[in-house]
Amino acid sequence: QQMQEKVTAEGKKEKELYERFQCYCKTGTNDLTMSISTAESRITQDTSSLEEAQALKAQLEQELEGHKADRAEAKDALAKATAMREKEAAVYAKDSSDHKTNIA
């Protein structure tokens, strides 16, 4: 009698554990499936975001190269203009001193 009660109790315990395991399998599978589909959609989104970022980077690098070239041209033009103005100032100073000498 006592042995039968023990076996019955163990059977109930095993049945309860089996039902919990089945419930976990069902809900766990659904949760994992949902997580996988969410991750797959994020992969697609992240891939497109990465491609956009790479395209933007390439565009900005091209613009930067163009701006560097423009800056170098501007510096060159400024140096040429400065040299020309200094030459003109020297000529003016010489002519001015010649005129002042002639007047005096």
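Colleague: What is the relative accessible area of arginine 85?

Modeller: This is a predicted model, in which local features need pLDDT of at least 70 and side-chain atom pairs pLDDT 80 or more, while totals for chains, interfaces and linings use all residues. Residues are numbered from 1 along each chain as its sequence is written, and side-chain values use heavy atoms, without hydrogens and water. Arginine 85 counts as partly exposed, a class between buried (under 20% relative accessible area) and exposed (over 50%), with a 1.4 Å probe and protein chains only. Its relative accessible area is 48%.

Colleague: Which residue forms a salt bridge with arginine 85?

Modeller: A salt bridge requires a side-chain nitrogen of Lys or Arg within 4 Å of a carboxyl oxygen of Asp or Glu. For arginine 85, the closest N and O atoms of the pair are 3.5 Å apart. The partner is glutamate 88.

Colleague: How far apart are the closest N and O atoms in the salt bridge of arginine 20 with glutamate 16?

Modeller: Arginine 20 and glutamate 16 are 4 residues apart in helix 1, so about one helical turn separates them. Arginine 20 is exposed at 55%, whereas glutamate 16 is partly exposed at 43%. The closest N and O atoms stand apart by 3.0 Å.

Colleague: How many salt bridges does the whole structure hold?

Modeller: Besides the pairs above, lysine 80 forms a salt bridge with aspartate 76. A search of the whole structure gives a total of 5.

Conventions
Helix = DSSP H or I, 4+ residues; strand = E, 2+ residues; numbered from the N terminus.
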